[in-house]
Amino acid sequence: MDTISLPSIQNTSPADWQYISEGGSSIVFSYSGPVNPQFDGTALRLRKVSNDSPVSPDQSQSAAEGQLEEPDDPTIVFQREIIQRLVPLTYLPRLEAVKVEREWLTQLAKLCEEKRPLERRAKDRIDLNRKKAVLATDLVGGKGWAVEIKPKWGFLPSPTHLSPATVATKTTTCRFCMHSHLKSTDGENVSLGYCPLDLFSGDTDRVKKALNTLWDVWIGSSGSVNNLRIFVEGQMLRPSVLPQSLRPLATQIIPSDARHPDLITIRDRFVDSVLPLLLDTPVLRILSMHQRNLDTLDIEGLSTLWKNAHSPLGPSEGIKIPSLGSGLTQPAIQELSSFVDIYLQKHAAMDHEHPDTANLQYYCLAYLLSASFKDCSIIMRIPPVSFDGKRREGTITVIDLDVKGVDRLSKWEKLDREIVASYVGVGDPAVCVDGQKGSTRL
Ligand SMILES: [Zn+2]
């Protein structure tokens, strides 16, 4: 789409955009201004840059209009060309490009600065040089409330390509539980006790357990752990152990005659509100199926395949094997799209027990895509309750399915080694049960 026909954010005031939240690379605002058919019900997602990067001069005057056309944000292209072929459209947000300008972004950056968490402000800021941003369905604003869950890795690896040193550990305890253990021994605040395999299990008691644990960690960490977030009418809740910190949520889910609900009552009502949606939806099954299929070799098997491909005559002295993924260029969207063609048509029939070195590129791209599915979030939107006994349907949407950098392959390999090494020999290992095993049908 050419720039001229794009909606322009200039038609709104920066003050009409309410800060919602931010992640590592982007920051999100929700439209809350006067009625505007173009922007009502939308959220604006802007890219951030590190505070270390220099402030570059305003270049908008230096190039003739259209001469330096900025491509649409990679998120938009990635969703349109790749993700929409793997996840039904009904579970994805609408994403489109929108024109932004430096002056407008500068004003917005000023307005939102004090709402941003201190640790984020210390690290990064809105990228003022962008000419385009992403306009998305606003999943957290408006009436009602919304829950965001980052479910993480929903499968146990197949033992086929694991080494004797790791196989027992990696097929007993899931990657997330091992990683939480490592992070917590390093003193980091994590979702200790939350096992994604419970959330993905489809089993009522286990999904309840996962939600209760996510909630308890959310309260205990004052909302600083990012596996659970709750928004009421566009505002992210900052919980504490005091029930009044949850009042906005309580008024949504508990009849007003119950004056002072305690924490347990609010938690139980929260779980009851979210549970039916999670049990009904195919979304979690779709996410774990893609994670499992795309990471079919495990990083260990991928690493072995890489080594075999780079030393076809077997290991011999003097041959220096490059680190996993080195020399690979970031795949263009056409390359990823061709990958998806093969994935959808041939993956199920391929011999993954004896992967062919000729398919090294295929497995590297598969692993890269699996990482997107391991790191995305789901947002459940729960309509306001009218306590008339009628059940209203909520919606569930998958967000933050971003393309990952191919340069991270070797980092992931190293991290995997660290995570497992820290867990091998743990006295009382978590036993994580993979209830979806065998569910690989595309
Ligand atoms: Zn687990």
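Axes here are lines fitted to C-alpha atoms, for helices over the stretch in contact, and angles run from 0 to 180 degrees between N-to-C directions. Helices (H or I, at least four residues) are DSSP runs, numbered from the N terminus. The model is predicted: local features need pLDDT of at least 70, side-chain atom pairs count only at pLDDT 80 or more, and totals for chains, interfaces and linings use all residues. Residues are numbered from 1 along each chain as its sequence is written, and side-chain values use heavy atoms, with hydrogens and water left out.

**Domains**

Contact (heavy atoms within 4.5 Å) involves 22 residues of domain 1 and 31 residues of domain 2. Buried area is the accessible area (1.4 Å probe) that two parts lose on being put together, summed over both. For domain 1 and domain 2 this comes to about 2200 Å², with 62% of it on carbon and sulfur atoms. F78, L86 and Y91 supply 31% of the area that domain 1 buries against domain 2, more than any other three residues.

**Helix packing**

| Helix pair | Axis distance | Angle |
|---|---|---|
| Helix 11 (298-310) and helix 14 (409-423) | 10 Å | about 125° |
| Helix 7 (204-220) and helix 9 (263-280) | within 10 Å | roughly 135° |
| Helix 1 (74-81) and helix 12 (333-346) | within 10 Å | roughly 25° |

Angles under 35 degrees count as roughly parallel, over 145 as roughly antiparallel, 65 to 115 as roughly perpendicular and the rest as oblique. A crossing is left-handed if the near helix is turned anticlockwise from the far one by less than a right angle, and right-handed if clockwise. For residue classes, Ala, Val, Leu, Ile, Met, Phe, Trp, Tyr, Cys and Pro count as nonpolar, Asp, Glu, Lys and Arg as charged, and the others, Gly among them, as polar.

Helix 11 and helix 14 pack at about 125°, so helix 11 is oblique to helix 14. Their crossing is left-handed. I299, E300, L302, S303 and K307 of helix 11 touch L409, W412, E413 and D416 of helix 14. This contact has 4 nonpolar, 1 polar and 4 charged residues.

Helix 7 and helix 9 cross at roughly 135°, which makes helix 7 oblique to helix 9. The crossing is right-handed. Residues in the contact include W215 and I219 of helix 7 and F270 and V274 of helix 9. By class there are 12 nonpolar, 2 polar and 3 charged residues.

Helix 1 and helix 12 cross at roughly 25°, so helix 1 is roughly parallel to helix 12. The crossing is right-handed. V77, F78 and E81 of helix 1 meet I333, L336 and S337 of helix 12, a contact with 4 nonpolar, 1 polar and 1 charged residues.

Note on methods: Helix = DSSP H or I, 4+ residues; strand = E, 2+ residues; numbered from the N terminus.
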